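Please prepare a short report on the predicted structure below, covering model confidence, fold elements, surface and selected side chains.

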Amino acid sequence: MPMIYYIFDYIAIVYTDLWIDNNRVVAEFLPLMLVFIYMTVTILYSNEVEEKMYAEHKASIIRITSEQQKKEIEAIRRNEHEIKLLHHDMRLFLSTPSVCLEEEDYNKAKVMLSSYSSHIDNAGLKKYCGVDTINYILSDFEAKCTEAGTEFEHDVEPDHLTALIKKLLG
């Protein structure tokens, strides 16, 4: 910034007659005006850059939120499909043990009811913490790991995970 003033001052003194003619208003006012224009342009430019970065950040958050909502909707659809299958199979599961009970084959009825019970436990969304979004994310990763034949493990406490997600989204 001061360099601009010195360059103008040098040009005004060496290459013009402003200094010799004793025209101090032009010699002193013009550099000051250039400095003010430069500062104004710099401030306006920095504000524009800041607004652009804010808009990009907001667009990024919207994109991430949209992707997460798609994952949550997919998890809900998977759960709904599983519930529909359970509802359809419930009649079969319950009619077979009732036949076994009528025939007094209690062990077979007990085995069928326990297999039905374990099937129901696997259908729902697991609760890792009190935040539904985190539950959907972890359930989605667990389902992907199960499909890939990989064991799903997490060692993050639900409270720490909740705080981490809130900081990322906030």
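The report starts with the basis of the values and then goes from the whole chain to single residues.

This is a predicted model, in which local features need pLDDT of at least 70 and side-chain atom pairs count only at pLDDT 80 or more, while totals for chains, interfaces and linings use all residues. Residues are numbered from 1 along each chain as its sequence is written, and side-chain values use heavy atoms, with hydrogens and water left out.

The mean pLDDT (the predictor's confidence in each residue, from 0 to 100) is 76 for the protein, and 71% of the residues score at least 70. Where pLDDT is low, the predicted coordinates should not be read in detail.

The protein has 5 helices and 0 strands; helices (H or I, at least four residues) and strands (E, at least two) are DSSP runs, numbered from the N terminus. The order of elements from the N terminus is α-α-α-α-α. Of the contacts (heavy atoms within 4.5 Å) between residues at least 6 apart in sequence, 49% join residues at least 24 apart.

Buried residues (under 20% relative accessible area; exposed is over 50%, partly exposed in between, with a 1.4 Å probe and protein chains only) make up 16% of the 170 residues. The accessible surface (Shrake-Rupley method, 1.4 Å probe; for residues, only the protein chains shown count as cover) comes to about 13600 Å², and carbon and sulfur atoms account for 62% of it.

A nonpolar surface patch (residues with over 30% relative accessible area and no salt bridge, nonpolar side chains being joined within 5 Å) has about 990 Å² of accessible area together, and its members include Ile4, Phe29 and Tyr38. Helix α2 gives the most to this patch, with 10 residues. Tyr38 itself lies in helix α2.

The structure holds 1 salt bridge, defined as a side-chain nitrogen of Lys or Arg within 4 Å of a carboxyl oxygen of Asp or Glu. The side chains of Glu67 and Arg63 form it, at 3.6 Å from N to O. Glu67 and Arg63 are 4 residues apart in helix α2, so about one helical turn separates them. Side chains of opposite charge can pair when their charged atoms come close.

Phe152 sits in the loop between α4 (132-148) and α5. The C-alpha atoms of Phe152 and Glu142 are 5.5 Å apart in space, and the two residues are 10 apart in sequence.

| Residue | Relative accessible area | Class |
|---|---|---|
| Glu67 | 41% | partly exposed |
| Arg63 | 47% | partly exposed |
| Tyr38 | 40% | partly exposed |
| Phe152 | 22% | partly exposed |

Definitions and conventions
Patches are made of residues with over 30% relative accessible area and no salt bridge: like charges are joined within 9 Å, nonpolar side chains (Val, Leu, Ile, Met, Phe, Trp, Tyr) within 5 Å.
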